[in-house]
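I opened this entry to look up how the parts of the chain pack together. My notes follow the order in which I checked things.

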Amino acid sequence: MADDVFKALADPTRRTILDELTEKSGQTLFEICSRLSVKHRLGISRQAVSQHLAVLEGAGLVETRREGRYKFHDLNTAPLRRISERWLAAGASEPEEGTL
């Protein structure tokens with residue numbers, strides 16, 4: 001599961017899509033494409049955005065729900081939380097500044 005999350009996060013366009021879903025969850029494909037085009041000047045096709053969303057959904061970072069003929073995409077941060085909890089265990093000490 002963690003491999004899928006890292007693969008999904010490796011692409012800058014997918015990270016931008018996640019940023020947009022963080023700002024406003026529950027967007028349709030049309031809304032996401034519009035925001036990427038207008039706000040980020042990304043000229044990618046609806047099909048490409050749909051493929052990126054499929055990767056994000058496969059990693060569990062995006063969940064979809066249907067309402068009538070509309071499909072809404074919602075951000076799911078649970079996979080990120082599981083990864084952070086894995087490495088940020090309670091009681092683990094932070095490295096001292098300047099030791100890295």
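Is F72 buried or exposed? I find F72 buried, with a relative accessible area of 16%, where buried means under 20%, exposed over 50% and partly exposed in between, with a 1.4 Å probe and protein chains only. The model is predicted, so I note that local features need pLDDT of at least 70, side-chain atom pairs count only at pLDDT 80 or more, and totals for chains, interfaces and linings use all residues. Residues are numbered from 1 along each chain as its sequence is written, and side-chain values use heavy atoms, with hydrogens and water left out.

I then searched the whole structure for aromatic pairs and found one. Y70 and F72 form this pair, 6.4 Å centre to centre with 45 degrees between the planes, which is tilted (ring centres within 6.5 Å; under 30 degrees stacked, over 60 edge-to-face, the rest tilted). Y70 is partly exposed, at 44% relative accessible area.

Next I looked at helix 3 (residues 29-40) and helix 4 (residues 46-58), whose axes come within 10 Å and cross at roughly 110 degrees. The two helices are therefore roughly perpendicular to each other (65 to 115 degrees). L29, F30, I32, C33 and L36 of helix 3 make the contact with R46, V49, S50 and L53 of helix 4 (heavy atoms within 4.5 Å).

Finally I checked the largest nonpolar core, of 16 residues, in which I17, I32, V49, L53, L56 and L61 touch the most other members (buried nonpolar residues joined through side-chain atoms within 4.5 Å). Helix 3 gives the most to this core, with four residues.

Conventions: Axes fitted to C-alpha atoms, helices over the stretch in contact; angles between N-to-C directions. Parallel < 35°, antiparallel > 145°, perpendicular 65-115°, else oblique. Phe/Tyr/Trp six-rings, centres within 6.5 Å; stacked < 30°, edge-to-face > 60°.
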